Amino acid sequence: MELFFGAFTSEWEQRRAALLHELSLGGGRSTAEEELRRRMKALAELGAAGGGGGGGRAASKSMHGTTAKASVAARPMQVRLAAVAQGSQPAVVKMASYGGGARVGAMLNYVSRGGELSVENENGERMRSREDLAGIRADWDHLFQNRTESRDIGRFTVEITANAFASDDEMHELVRSSLTSGFGDRRFAYAVEKNDDDSMTVQGVVVLRSGQGERLTGDQKAAGIIQVRYDASAAAREAAAQFSFQGYGNGVEYGSSKLRDLVESHDGDVRDDRGQPVADDKAAGDLVQKEWRADLHSRKSRDVMHLIMSARAGTDVAAFEGAVRDFLADQFAGHRYVFAMHDPANDPKEAGEGGKRPHVHTHAIVTMKSESGDRIETTPAVFRQWREAMAEKARDHGIAMEMTDRREFASPPAFTRNQVRPVNREGRTEHIGTSEAAQARYEAKRNGRRALAKSERSREYTVKATQSWQKIALASGDRSIVAYAAQQRDQLISGLSAGEAEATSNIVHADFGSKFRANLVTVQNLVLEGDELRETSRTDFEAYEKKVETALFKLERSVAPDDRSDFDEIATLAREHVNQRRELMQLHEQRNEAVAEQGNEDQRRDQRGEVNEQWEAAITKHGEAIVEAANDVLMEIDAAATMLADLEKSEPVHDPETGGYTYAISEKEREETEQLRARIEQQQDEAISRAARLAIEGNTYIREVAEQDPDLQRAIDQVEKDAQRPEGEKDKTSANVDTVAEQQRDLRNEEAERQPNDTEAHESPSTVDATNRLQDQVYKDKEAAQRGGETTRTDPAQQHIPRLEELEREELEKRERDRDDRER
């Protein structure tokens, strides 16, 4: 049986079908898996080329050996933020941890809740038994580097025999001297227990890597090396010491844990290698994380990664599971992985133990290396692309979700696992910081304090986000959305202002110690003036900017050669400050314009509402069919009248010789204008004739309109007269009806001649200008209709747009034909 992969909509279904197909043929499991790997690699290569069943979403090998994924088309910022304002939830894809092959079993046990929850692999197979979970480690082993973790922290014990000491300080001085003689320049912390026989037992933890890069193994072999060094030192003549190691571990977490245990078991009587006390858990964490971290040079084997995808409480569990399944298949094609859903309703783990979290989330364990040898990159750009992909898959499954950036909301940065430790896992896990800075970062994140990223690139991104929020507040008709967008916009503007004030303080407190200090003070005072310009007008700001440039010019003239670099720094900072003030002024202008535009939009909405009420009233009185038939022809009459009115307008033409303006146009332009006027008048007359015929055929709505339109009434009267003629003359009716147009045109010409016209020689502008103005009006009408959310059916004022476009298109085609004739 031949298998057609194109019959499956998801890539994971294709891989599952391939495996089941091979197993159905009776072959062994290893043969089927080898064939599956081969086909997966082929799919990956085909996907990288932009085709195949994988839809171009598989991995490919780049020249540097990194994994390159086909990126998801990024949605515009304004679209994403508008969706968030309407209630869409942010996409959450975060890294929980990395692990070596040896940790896969423990990670699977956590994800599956000890085997009580089923996990699903990349082929769509569900596994729950401990035997199946244990087999995953063996199946993935060929993808692991199995690199040994570095031994960073060792636990030691030293037995010291010495004479009695006059004081505790003297005792600690001897202990530190003995430990330093053996450990060298390694960092350590210790606690002392006095014995009855004038000996001491010293227990502690030590950094196994020295400043020169030598790393101890933390075992008995290492203890022998330390013992030899100590015995050869001068300290051995003062006291006898016996070194031994009780264990070792990797990383800051291990070191912090063991040092806290030492503090707890010795009631806080612990000191470090510099004699400073380590009194409590916080001091122990600070010592390891702040002072020892850089000396560890810790490394771990990154064979697998632990990802968490989460959604808000109340999200449809089945839909979210499907979205996660598609996301993993899309982003990690060719990699081995398993995932499991943690739904609060079905989580076997109790809340007090970290289970039954209120939000639905998924844990995934993914191999870092694919079957084709590619490795996953984990950069900020990759995580952003993952969130975009997760949001896209969620929307495909009916979940309103968007990728968000903290710079769009002035959100504080996230805290890491090394900066906090959990103290309560029930519900939303509570933490405490391992240092003052970490505690401040944790509280800022949990309390939702506003914080802007300070880099220049992030500041530019924040300005764009501010403009997007402003456009959303302007375009939306929903008050709650407008209020939300305005709140986010104002918060970003406030953050930008605070950042500019901080930049200003850097200028004020700079001490360049140069001869041009007097001019420097002038520049500083001018820059400080900008703090009062947050609501200033553009004219006042331009005057302020000119004053700053003048002061910089004077300062530059007094600069000595040795002070040139100082001046360049001052000028750069001052101009950056002025530019930031300019952007802030522009943001305020845009906000004011947005408020004014919102008021205009409300007025236009009221006008459209009045027109719609008149339309509904006409349908109730005359009937929908009659009103729509009449409206079609009346729109053509109005459109033609509008175009004729535009042609009658005169616009000045710039005269390069005199520098002034004149209304004179060329003979060719006059001729083209007259041709256009004649064509439009002919179309208007034909439309009036059709309207008159409809009126005598019983269209009461046209007769009602004709009461306010003398031209239309005269046309109806003429048609009625023709209809009352004897039978012998009725065959002339059509010709007489067509002459109505000429009569109406003569009346209009006579009326124009009676009007005073002192600009007879000025006439109308060129055909191109008239057409451009009409096109602008068409675009404005379209935008107004889109903002109001009205259709051409419910808004009669907008229904003339198609006919206008048709008239303009005919005129442009005529001009093209005339030009071709001239060229021939």
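In this predicted model, helix α4 passes helix α5 in a right-handed crossing. The axes of α4 (residues 104-111) and α5 (residues 130-140) come within 10 Å and cross at roughly 140°.

**The contact of α4 with α5**
- Helix α4 contributes Val104, Leu108 and Asn109, while α5 contributes Arg130, Leu133, Ile136, Arg137 and Trp140.

- The loop between α4 and β5 (119-121) holds Arg113.
- Arg113 counts as buried because its relative accessibility is 8%, and buried means under 20%.
- Neighbours within four places in sequence aside, Arg113 is in contact with His342, Asp347, Pro348, Lys349, Gly354 and Gly355.

- In soluble globular proteins, nonpolar side chains tend to be buried together.
- The largest nonpolar core here has 31 residues, of which Met309, Phe320, Phe332 and Trp386 touch the most other members.
- Two or more residues of this core come from each of β12 (304-310), α10 (317-331), β13 (337-342), β14 (361-367) and α11 (380-396).
- Another core, of 26 residues, lies apart from the largest one, and its members include Ile160, Phe188, Tyr190 and Val192.
- Leaving aside neighbours within four places in sequence, Met309 is in contact with Val92, Val93, Phe320, Val324, Phe327, Leu328, His361, Thr362, Ala364 and Met390.

How values were computed: Residues are numbered from 1 along each chain as its sequence is written. This is a predicted model: local features need pLDDT of at least 70, side-chain atom pairs count only at pLDDT 80 or more; totals for chains, interfaces and linings use all residues. Side-chain values use heavy atoms; hydrogens and water are left out. A nonpolar core is a set of buried Ala, Val, Leu, Ile, Met, Phe, Trp, Tyr and Cys residues joined through side-chain atoms within 4.5 Å. Buried means under 20% relative accessible area, exposed over 50%, partly exposed in between (1.4 Å probe, protein chains only). Helices (H or I, at least four residues) and strands (E, at least two) are DSSP runs, numbered from the N terminus. Contact means heavy atoms within 4.5 Å. Axes are lines fitted to C-alpha atoms, for helices over the stretch in contact, and angles run from 0 to 180 degrees between N-to-C directions. A crossing is left-handed if the near helix is turned anticlockwise from the far one by less than a right angle, and right-handed if clockwise.
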